[in-house]
Structures are given as C-alpha cells and as structure tokens.
Amino acid sequence: MIKRSRGKARKKVQEIDKGQEFMEAFEALGRERGITPEILFEAIEAALTSAYHRNFGSAQNVRVEMDRETFAYHVYALKTVVEEPTNEVTEISLAEARKINPKYEVDDILEQEVTPANFGRIAAQTAKQVVVQRIREAERGNIYDEFSNRASDIVTGVVQRVENRNVYIDLGKTEALLPAAEQIEGDEYYHGDRIKAYVLEVRKTSKGPQITVSRTHPGLLKRLFELEVPEIQDGIVEIKSVAREPGMRSKIAVFSREEDVDPVGACVGHKGLRVQAIVNELRNEKIDIVKWNSDPARYIANALSPAKVVSVAVKEDEKVSRVVVPDYQLSLAIGKEGQNARLAAKLTGWKIDIKSETQAMDEELEEGMDVVEVTAEESFSAEGEA
C-alpha cells in the first residue's frame, strides 16, 4: 500500500512539473504571439471534444476539461435528467440520477466521466495541432494589423517570383502582390531585385493577409519625396499636389511654410542627389518639381514648366484658363502627345487651353476672363539617363 501510494504521489508531482512546463510555454506564446493561455486552453478543449466524437462515437454529448495546472484531461458525458428516458445515450432517469446524488431534479444535467484509456495519444496530437493552428492564426493577425496600419505607405521588399505577369515580393514576415495592372509599363522584374512599392490594400483571407502594392500610384511618388526630403518630414515643405503618368513623366507641386526655405531646392537636394534617388527608384521616370502658388494664374504658369508663359487668363468659377506662350514654346508647353499640358491640368485641377502669341492675337477672350502677365517661378526637371 505504501509503495503504491508513493508511486501515485510521484506521478502527481510529475504531472504538476509537466503542467508547469506547459504553462510556461503557453505564457511564452502569449508574450510572443499575443495569445493568452486561457484562449489556448479553451481552444484545446473544444478540439478534444471534436476528436472524441470522431474517434469514440458522435452520438454522446460530452464535455472535455483540461486541468490548468497538471494539463490532465477528463471527458464527461452529459445527460439530461428525465422521468422516463427515450434516448439512453443523452438522457438518464431521475431514479438512476438520484442513486448517484439525491439532489438531482428533472432537467438537471448529470456529468459522468467517460475518459477512454487510449485517449492520451489522440489528445496530445490534437493539442499540438490546436497550438500550431492558433500560433499561425495569431501570426496572421499580427501581420494583418501591422500592414493594415501601413496602407498608403511604402514597403521595401525583394522580388521572390513572377507568375502570369504578377510579381510576388518578399516583405520578410509575409508576401505582397504587385499585379500587372499596377506595374510600370516596360518594367521587368527578376528574382532578387530589391524594390519599393506603395501599399494599396490589405485584406484578410483564409490563407492570411493579402497585401496588394502598386508601382504606378501617385502616392508612391509622394511618399518617396517624404522619405528623401527632411524638410518635408519636418513639416517645413509641403507637397500640395502630384500628377503622374507612370514610367514617363510626373509633376509635383511644393510649398514652403518658411520664407527662407526654397521648396524646389529642398526637393532637388545638393547636386540633385535627392530627386535623382527618386528618379532611379522609378527607373528613370522624368520628374518636374514646381512651386505651388495660391494665385491660380501663377500656379498654372509654374505647372507648365519647363515652358515659359507670357500670360494666363482665368475664369475662377469654372476653373478654366487660357495660357499664352511664345510661338517657339508652343510645342514644349503642350508636350509630346499633349503630355505636359495634360499633367499640368491634373496637377492644378484646372482646364488649360494653350495658345501661341500669334494665335492669341486673332482670338477674343471668353467673357469674364482676366488676363494676368506672369513670370514662372523657379522649377526643376529631373530625368534619368537613357
């Protein structure tokens, strides 16, 4: 008797030691993955209930309980107390119930332990699967939370593979998708290429968070300037507007809150280093940096850089303007296939009608338009090497 008693005591100590070990592991998971031990316990109990049904009969209504200290598990069959049972698996007579405990009444739930002798292996496998699954879910949740907060921001990653023109980018903890529609036309991507992209959308899916990124969004250009120019980070220089035709040409309008800080010069950087880094990242996309002005006429003149503007007539209520340029500057103002004029209109939000001096002499202004002679303020055009 004494020997047996010591054996039971030793087994109990071993169970407690094992339980403490598991609890420490659960608490570590909680700290690292954001999962509380109780959530894991409840998940394991639910999974063990399902495992019991699969392996030992699904007809019984059972409850699995796991000891929070020793990690010992017990399976209890739940039976409803009735006067006359019609289903012996789920019901027990009041007379039989009162043999167990005289206090039972009709509609009470009686629990009887039915833990199978060979349930240990199944329980261990199930617990492991649940823990692994919960860790995976927690990791996916953490990744989703991290990247959902980075929507409209830039991420840097390494090209992992290209499938059906879609580019998959390794971000370290997860993968981002760069769809064909969000790629700059003519760009090619190779395994190992390091690129920056703009986070368009972060969605939850059954396989984890799906992060969609873009290389064509105007926000990419804006964020690149914010990263490269300390004056923008400090709030001294402000980006007022961005217009972009990806891979070809962009215009960005900037404004300085301090008179002694030149916003264009700040964005260009010493010897053009700041803007050149952005041009290189966008694979030689041409970038015009212009000064924003609260006066629409001056702003429109600046936006048409590098063309020189003689005068601008505006109709503010309709946001319509007529711009006059020297005859020899007409093609430059309009740009190749109308690109310069189109980007200036996007940048300012105004409709811009460009005329040469000769054409303007033969045309009358629309009623309500006022002509303003302007001189464009400083601007800068950066272009990569061909």
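Biologist: Which residues touch the most other members of the largest nonpolar core?

Modeller: This is a predicted model, in which local features need pLDDT of at least 70, side-chain atom pairs count only at pLDDT 80 or more, and totals for chains, interfaces and linings use all residues. Residues are numbered from 1 along each chain as its sequence is written, and side-chain values use heavy atoms, with hydrogens and water left out. A nonpolar core is a set of buried Ala, Val, Leu, Ile, Met, Phe, Trp, Tyr and Cys residues joined through side-chain atoms within 4.5 Å, buried meaning under 20% relative accessible area (1.4 Å probe, protein chains only). Among the 26 residues of the largest such core, those touching the most other members are Phe 225, Val 237, Ile 252, Val 254, Cys 267, Ile 287 and Ile 289.

Biologist: Which elements give two or more residues to this core?

Modeller: Helices (H or I, at least four residues) and strands (E, at least two) are DSSP runs, numbered from the N terminus. The contributing elements are α5, β10 (237–245), β11 (249–256), α7 (263–268), α8 (273–281) and β12 (286–291).

Biologist: Is Glu 226 buried or exposed?

Modeller: Glu 226 lies in helix α5 (residues 218–228). Contact means heavy atoms within 4.5 Å; not counting residues up to four places away in sequence, Glu 226 touches Ile 232, Gln 233 and Ile 239. Its relative accessible area is 17%, so Glu 226 is buried.

Biologist: What distance does helix α4 reach from its first C-alpha to its last?

Modeller: Helix α4 (residues 119–148) has 30 residues.

How values were computed
Buried < 20%, exposed > 50% of the residue type's maximum accessible area, 1.4 Å probe, protein only. Expected span 1.5 Å × (residues − 1).
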